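Take a walk through this protein, one part after another. Keep the sequence and the 3D view side by side as you read.

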Amino acid sequence: EYSPQTNDYLSKSKKQWIPYRIEGARGEEESSVSKESLLGKSKEVGTITFIARTNYALMFKAMEIMGLGSLVGGQNDEDDSDSDESTSDMPDEPASLNLENVPKFHINGKGDMSGLKKWHKTSKEIRQLFNVFETRSTGQGIKLPEKEFPDFAHKTITWEDFNEDCKNLELNKYVQPIQIISKYGNNTIIALEAFEAEVLDKKYSAEEADIILTTCHSAKGLEWDHVEVCDDFINLASKSYNQNAPLRIGPEFLSSNVCKKPRAGWQMNLQAYGDDINLLYVACTRAKKTLVVPQTITSFFADVDVIYYLVRNMMETAKGAHKAIPAKDDLSSYTSLNKKEKNDGRLSKGELWDLYNDLCKPIRKELGVGEDDGILNS
C-alpha cells in the first residue's frame, strides 16, 4: 500500500498499480481458524472459496467435491495380472457417473494467466501426462511436448520414469497432476471431461456459485467470508531446522524451560522458501469469517504461535531486567541465554526477532488473533 510504486508517479500520467487494503478478519466480531472442512456445512455458511497455488490442486479438489468416487482407482494393468483369461479380453464397462447434485462452481480470475485459457491449458497437460500413464501397459516410453514440459525436453520416458524423475529432482509442480492421474487411473479422461463440463463450460458467476476456485495470484486484493486452503503449499512440516523447539505453547509456556526437551521438525528456515511463504500468507489472509487449513499448515501455525510466545517472553524478560531488546543481528542463541557457546543450529535472537516481525505479527494481526490466544484456538 505504501510502496514507492504506489506513491510515486513513474510518469506524469499514472502509477504502476493502484494500492488496495483488505480488511480480513480484523473487521469481524467473530472469526475462526479451523482444521475441519466446511463442505458439510455449505447450507449454513453459503459460498465456500477454495484457494491453492496451482490450478492442478483446484482441479483435484473440484473433482473430489463433484463426487467422482465411482471413477477412483480406474482399472490398470497391474490389476489385470490375476484376472481370468476368459474375462481378460472383455472390454471394460464404462464407469457410471451421477452429476445431478454437483454444486455450482465459479472460476475466479481473468486473462491468460488466471482465466479459462489457463484452465484449458491445465486440462491439456493432464491429457498429455495421461498418455505417459498409458505406457504402463507397453513399457515403451514417449516424449512429452517440450513447450509444456521443459523439464523433460528430448527425453523418452515411461510413467515410472516420470514419477522417479519428479521425486529425485524435486519437481514439486507435478505432484498434483500425478495425484489426479494416480487416483482416477484409466478413468482419468472421464473425470477430466466431467470437470470440464461442470466447472469450465457452465461459467457460473460468483454470485450464483456454491464453490469458488481461485489461485493465490488471482486472489490478491480479494477476500471472502469462508475460505479453505488446499494442500499444495510448501509442506513446512517436512522441513527440519532446529531440534530444540519447545514441546508446548500457550501462556504457561512463558514460564517453562524451552531447551530441555527436543522437538523434531522445527520449521522456520524461511529464507530457503522464497515466494512460497508469500503465497501462503496471501492464502491465509483472504478469509473474513472462517479460514480452514490443511494439516501441513496447522503445523506451521503452531510454530507461529511458538515464536510469538518466545518473543513475548524475550521482551518481558528484557523489560523486567531493564535491558534493551536484542538487536535483529544478535547471533546468540535464545535457548541458551546463560551459556557462551557456539550456535548449534538453534534459533538465534536475531532470527527469532526477524520471524516475529516479518511473519508472526502480520499473520496474527490479519487473522484477528487475541494477544493471549493461539491461532488455532482463536
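Two strands pair if DSSP finds at least two bridges between them. With that in mind, look at β8. Serine 34 stands opposite valine 292 in β8. Strand β1 (residues 32-34) pairs with β8 in the parallel sense, over three bridges. Strand β7 (residues 224-229) also runs parallel to β8, and four bridges join these two. Here valine 227 has leucine 291 of β8 as its bridge partner.

Now step back to the whole. This is a predicted model. The protein has 378 residues, and 43% of them are buried. It contains 13 helices and eight strands. Among contacts with a separation of 6 or more, 73% are between residues 24 or more positions apart. The accessible surface is about 21,100 Å², and carbon and sulfur atoms account for 47% of this surface.

Threonine 285 sits in the loop between α11 (275-284) and β8 (287-292). Is threonine 285 buried or exposed? Its relative accessible area is 3%, and buried means under 20%, so threonine 285 is buried. Its side chain has two polar partners to look at. The side chain of threonine 285 reaches the backbone oxygen of tyrosine 281 at 2.8 Å. The side chain of threonine 285 also makes a polar contact with the side chain of arginine 286, at 2.8 Å.

Next, the helices. Start with α3. Nine of the eleven residues of helix α3 (residues 55-65) are buried, so the rest of the structure largely encloses this helix. The buried residues include Tyr56, Leu58, Phe60 and Ile65. What covers them? The cover over the buried residues of α3 includes strands β2 (48-52), β3 (105-107) and β6 (211-215). It also includes helices α6 (116-133), α8 (175-184) and α9 (188-200). After α3 comes glycine 67, with a positive phi near 75 degrees.

Helix α12 (residues 295-320) has 26 residues. At 1.5 Å a residue it should span 38 Å, and its end C-alpha atoms are 38 Å apart, which agrees. Of its 26 residues, 19 are buried, so α12 too is largely enclosed by the rest of the structure.

Last, the charged pairs. The structure holds eleven salt bridges. One of them joins aspartate 305 and arginine 364, with the closest N and O atoms 3.0 Å apart. This pair links distant parts of the chain: aspartate 305 is in helix α12 and arginine 364 in helix α13 (residues 349-366), 59 residues apart. Both aspartate 305 and arginine 364 are buried.

Another salt bridge brings together the side chains of aspartate 225 and lysine 288, at 3.7 Å from N to O. Aspartate 225 lies in strand β7 and lysine 288 in strand β8, so the pair ties together parts that are 63 residues apart in sequence. Aspartate 225 is partly exposed, at 29% relative accessible area. Lysine 288 is partly exposed as well, at 24%.

A further salt bridge runs between aspartate 151 and lysine 173, with the closest N and O atoms 2.8 Å apart. Aspartate 151 is in the loop between β4 (142-143) and β5 (156-157), while lysine 173 is in the loop between α7 (159-168) and α8. The two are 22 residues apart. Aspartate 151 is partly exposed, at 32% relative accessibility. Lysine 173 is partly exposed, with a relative accessible area of 46%.

Key
Residues are numbered from 1 along each chain as its sequence is written. This is a predicted model: local features need pLDDT of at least 70, side-chain atom pairs count only at pLDDT 80 or more; totals for chains, interfaces and linings use all residues. Side-chain values use heavy atoms; hydrogens and water are left out. Buried means under 20% relative accessible area, exposed over 50%, partly exposed in between (1.4 Å probe, protein chains only). Contact means heavy atoms within 4.5 Å. Accessible areas come from the Shrake-Rupley method with a 1.4 Å probe; for residues, only the protein chains shown count as cover. A polar contact is a pair of N or O atoms within 3.5 Å; within protein, one must be able to donate a hydrogen and the other to accept it, and residues adjacent in sequence count only if both atoms are side-chain atoms. The expected span of a helix is 1.5 Å times one less than its number of residues. A salt bridge is a side-chain nitrogen of Lys or Arg within 4 Å of a carboxyl oxygen of Asp or Glu.
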